[in-house]
Amino acid sequence: MSAAGARFITVEGLEGAGKSTCLATIRDWLANRGIDPVVTREPGGTKLGEAVREVLLDHQYGGMTADSETLLIFAARAEHLAEVVRPALTAGQWVVCDRFTDATYAYQGGGRELGEERIEPLEQWVQGRLRPDLTLYLDVPVRAGLERAAARSTPDRFESEREAFFERARAVYRRRCATHPERMRLIDASTNLAQVQQRIEANLEAAFGHLV
Ligand code: Z5A
């Protein structure tokens, strides 16, 4: 598992929640303490993972079943853990990941209505006991997030889903923050960027301030 001191941080949120800003804030906070983390993403982070990501986001595969989608995500995750995440943690490097398994619970479990009982065994199989040390979930009302995301780029296969899909995903994220208080923090991301940034820094300080 991780060498003493190395930590695994994940960032979650619906479209337009502001994950990119959050990742930059985490990187700066760590850099100010002399830590240069591995910053990575899911799906992705490896050659195979990036290829799977392209398939997942491509409208061409719009008819994919929820089962196929979930299995592809976990295949990419297995590769990502083996090639990137576990080696870094073992070597004592911090890892910051844009989305991880909470996204599968939210999007496939909630959005696609697979339910968590389909995802739990895969999580166990692929991750064993590995869980993030801290997960920052940026919470934003669905419509506000979609408006922010739409202003940025053409919608991909997920971004083209109906609002009800994202409402279900948001409900799962919020519920998981309540049921996993040891590692998940809900951050109100509906306000201006400076305020969101302050909340992120406060959470990092509370979780790791005593370590770094
Ligand atoms: N997916 C899945 O289904 N299951 C899984 O297990 C995993 C993933 C791991 C790709 O992920 C898709 O994969 C994703 C779920 C699925 N679905 N989609 N779409 P992704 O992480 O690449 O997807 P994304 O949600 O599109 O992420 P993003 O574009 O990288 O980041 P973001 O959080 O959506 O937003 P942002 O780029 O940081 O911000 C968006 C815009 O809003 C930008 O112009 C900002 O300047 C603006 N913004 C951000 N915060 C604020 C505030 N506070 N005020 C005002 N404006 C703001």
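Predicted model: local features only at pLDDT ≥ 70, side-chain atom pairs only at ≥ 80, totals over all residues.

**Sheet, strand by strand**

I started with β4 and β5 (residues 184-188): the two strands run parallel and are joined by 5 bridges. One pair I noted here is Tyr137, whose bridge partner in β5 is Leu186.

Strand β1 (residues 8-13) pairs with β4 in the parallel sense, over 5 bridges. Ile9 has Leu134 as its bridge partner in β4.

Then I followed β1 to its pairing with strand β3 (residues 95-98), which is parallel too and has 4 bridges. In that pairing, Phe8 stands opposite Val95 in β3.

With those pairings in hand, I wrote down the whole sheet: it is open, has 5 strands in the order β2-β3-β1-β4-β5, and its pairing is parallel. The edge strands are β2 (38-41) and β5, each pairing on one side only. From one strand to the next, the twist averages 20 degrees.

**How covered is β4?**

I asked myself how many residues of strand β4 (residues 134-139) are buried. I found 6 of its 6 residues buried, so I logged the strand as mostly covered, with under 20% relative accessible area as the cut-off for buried. I then looked at each face: Leu134, Leu136 and Leu138 lie on one side, Thr135, Tyr137 and Asp139 on the other, and all are buried.

**Two helices side by side**

I moved on to helix α3 (residues 66-90) and helix α5 (residues 116-127), whose axes come within 10 Å and cross at roughly 25 degrees. Angles under 35 degrees count as roughly parallel, and α3 and α5 are therefore roughly parallel to each other. I noted their crossing as right-handed.

Which residues meet there? On the α3 side I listed Asp67, Thr70, Leu71, Phe74, Arg77, Ala78, Leu81 and Arg86; on the α5 side, Arg118, Ile119, Leu122, Glu123, Val126 and Gln127. Sorted by class, this contact has 7 nonpolar, 2 polar and 5 charged residues.

**A look at Val172**

My last stop was Val172, in helix α7 (residues 163-179). Is Val172 buried or exposed? Its relative accessibility is 10%, so Val172 counts as buried. Setting aside neighbours within four places in sequence, I found Val172 in contact with Tyr105, Ala106 and Gly110. I also checked Val172 against Ile73, 99 residues apart along the chain: their C-alpha atoms are separated by 18 Å.

Note on methods
Residues numbered from 1 in each chain as written. Heavy atoms only, no water. Axes fitted to C-alpha atoms, helices over the stretch in contact; angles between N-to-C directions. Parallel < 35°, antiparallel > 145°, perpendicular 65-115°, else oblique. Left-handed = near helix turned anticlockwise from the far one by under 90°. Contact = heavy atoms within 4.5 Å. Nonpolar A, V, L, I, M, F, W, Y, C, P; charged D, E, K, R; others polar. Buried < 20%, exposed > 50% of the residue type's maximum accessible area, 1.4 Å probe, protein only. Pairing = 2+ DSSP bridges.
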